[in-house]
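Please examine the sequence and the model together while reading.

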Amino acid sequence: MAAYLARRIGQSLLTVFLTLTTVFLLVRLAPGDPAAAYAPPTASSADLQRIRAQFGLDGPLITQYGIFLRDLFTGDLGTSYSFRAPAFDVVMDRMPYTITLAVSAIAVTTVIAVPLGVWMARRADTKRELGANVLTIAGQSMPDFWTGVMLLTVFAVLVPVLPASGFTSWSGLVLPTVTVAILQLALVSRLVRREMTVALAAPYTTVARSRGVSERALAWRYGLRNSAVPLLTALGTRFAALLNGVVVVEVVFGWPGVGSLVVRALATRDYPLIQATVVVTATLAILVQLIVDLAYPLLDPRVRLGKAA
Amino acid sequence: MTPTPQRALPESERLGRRTLLRGCALGAAGIALGPLSACAGPTGAPGPGTLTLGLNRSLVSLDNKLNQFDAAVTVQRAVRQALTRIGPGMRPEPILADRFEMTGPTAWTVRLRDGVRYSDGSPVTIEDVTTALEMYSKVNGSFLLGLFPELPAVEPVDERTFLLRTERPVPVLDRLMANIHITPAAANKPEELQSGVGSGPYRVVRADSGAGEYTLARNTRYWGPRPHLDTVRVRFVPEESSRVIALRSGELDVIDTITPDSAEQLTGLPGVTVQKTSGVRICQLFYNFRKGRGHPLADARVRHALTYAVDGESLVRDVLTDSAEQARGVVPLAIEGAVRTGSYTYDPRRAKSLLKSLGATDLRVRIIWESGEFAGDASVMEAVAGMLQDIGVRVRLQQFQPGGDILKWRQGRAGDWDVIGNGYPGTTGQALTSLQGMYGGTAEKERTRDTYMGYVVPRVQRQLSAAATEADARERDRQLAAVQHAIWDTWPSLWAFAPKTLLARRDRVHDLNLLRLNAYDLSTVRLEG
């Protein structure tokens, strides 16, 4: 177990490092000039050159990379051009909002999609299942921008029971959560349905059925438990993706998470902020995947980490 | 046979797994609820004494050294003040000074208003003015420095009076000083200040610069009439449709810098009023003045002929939905010192015949612009391209993403182009500074590509320099009028328009006097109902 953990942590560090190096190069190869984005349109060439020097962008790329690595190993991710504050701190200020939205969206998705998937599996190939399928796929097919604006129109304007934007109270969490959850519902419920259908047709279920176990118990105690590993994998992957920020939803709802921060950082070519966001979100995403992997033996004792199954 | 998992395991291990799983669930809930508890508080519609503004751009600080755009000015000046301000008539008015007058060609006498104190109780002093000028001068990339031909030196005369001296006459110094915000000297730095100590009608009680959200409360030490509002909340809502919805729901009281589409949506809705005023920004389809001598666009007659192809009236009516005015001068007529120099006429037949007579029959035009340069930019460009094609000009449109490489293109370092869609702000509300910024190019500046699209016309530049140092206001206005006519005759733009300033507010908001500079004085705003 310890060797497995050490290997995974080593892999994770390498992944973060390679991701960061790729991002470092890509943002500098992309069109645009941070100095031009920072300075007013009336700035002269000399002004721009001074700003480039101030940002450390006047040296060769390899020198910039060397300085970046040196600072990285001392825990310094640079100063955001637009916020004039340590980039890491700016990202960490936004992370609680992103984590809150991700956790609540995954919680709502799980609470709705898992029972729905079980229900669909038990009623496979019926008109009701078809109806549920159509509804969830429709939800997934609608652009999140449109879903968000429609929810805002209904619940903030026509029936004004929820705030339209920002996160100043608990109620502000409802509409962004529902918008994100609607997108995940079809994916998770259909996955549960598929896994459950296989599990409910497995020999051990047939044996249990022959022993008089009720259909409800078959579904929840036998089928769902055996579907837990793929379900956890899917939820973990979705959760990790949400930690990178739900850009459109954050913009529509004025949600102060990392997604909207990244949009701004890209528009202003704020290299330190882009890099700090990548470090934080990539680390969190890898951590979530690691936790998911470690959770497999808890859900299925047949799984042994670090050994062939 | 597949074993049933729960029977294959010992009881203790099952309990351990469950405990762990429960622990994970509790942990996740903790992560979710932790930030929530920090953010819990009142929401929804603002209270009776609270005005909530929804800005379209994030206000990084309440200082303006690097960050002065439209509505930000409203908020920044509610906290920090300058010696003067540009008032409703687009004329400078004294604020922290009660006297600000030119007492010599290169000297202005200024007297600080008696008894003015900052929100922390300390008095406003001459040293604060000196330090403010010094700090602004040290900021890299400050757009304000570009407006000043030179920064004045401060010479104290007595405790409240001082001279502002320049080497050459700067007749619009009273206007320019409206942008220099005064802060206690000890707290001033050559960067944007994060603290909120100022002499304005409001003080900062909560600031989250990362999220662009601020809460201001009435400054009890304010020297002027008592502000009507108890609290002003500033929120950053980037998406326009969300801002419109939040205004309709009553969550926001004022949204500014709205597009014509949103203004149309909001017009006539109960509880909402849309305010419009002429704007000080000019949006131009500006020609590239770096064309070689033999190029058709280097000939002012060809540039003039092409203007006949553009149906400006229909662009304003159908594409810009009457949210703009066609330019009738080289700067918007809403700014002080602007004069009417001519107008754009739509006559495609004339365009065709003129081009034919000038031998410019096989013209190819590349039009470039950055997304978001003005509302409806892509639609305007597509319509203009269609109009040019109607007279036989082949057009290529090239759109750049914000923050992309358009600067290199503008400077002619990345590729050739013929017309650029560009907006130029009228920050000082005075024609002279806008004219100098756009048309004051010299051969020396052009060597570093620092002229406005390569516009270098020595005669115009000389006239502008003379006007800029003319101390007599009447003579300066006469010279400025002459130079505007001279510029118009060079046909710098294929077409130009001045977008109107648009703002939407709830009906409970009163006495919001929207200025042409797209700002308003928060101290006069009051709430009813």
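The model shown is predicted. In chain A, Arg269(A) comes after helix H13(A) and has a positive phi, near 50°. H13(A) itself spans residues 258–267. Which residues of this helix are buried? They are Val258(A), Gly259(A), Ser260(A), Leu261(A), Val262(A) and Ala265(A). These buried residues pack against three helices of chain A, namely H5 (87–122), H12 (247–252) and H14 (271–299). As a general rule, an α-helix has 3.6 residues a turn, so residues three or four places apart point the same way.

Attention now turns to chain B. Its 529 residues include 17 helices and 21 strands, and 47% of the residues count as buried. The C-alpha atoms of chain B occupy a box of roughly 100 × 80 × 50 Å along the principal axes. Of the contacts in chain B between residues at least 6 apart in sequence, 69% join residues at least 24 apart.

The two chains also touch each other: 50 residues of chain B are in contact with 61 residues of chain A. On the side of chain B that touches chain A, each element in the table supplies at least two residues.

| Element of chain B | Residue range |
|---|---|
| Helix H2 | residues 11–39 |
| Helix H5 | residues 143–147 |
| Strand E10 | residues 231–236 |
| Helix H7 | residues 240–249 |

H2(B) provides the largest share of this side, nine residues. By residue class, the side of chain B that touches chain A comprises 22 nonpolar, 18 polar and 10 charged residues.

Notes. Residues numbered from 1 in each chain as written. Chains lettered and ligands numbered in written order. Predicted model: local features only at pLDDT ≥ 70, side-chain atom pairs only at ≥ 80, totals over all residues. Helix = DSSP H or I, 4+ residues; strand = E, 2+ residues; numbered from the N terminus. Buried ≥ 20, exposed ≤ 12 C-beta atoms within 10 Å, placed from the backbone. Contact = placed C-beta atoms within 7 Å. Nonpolar A, V, L, I, M, F, W, Y, C, P; charged D, E, K, R; others polar.
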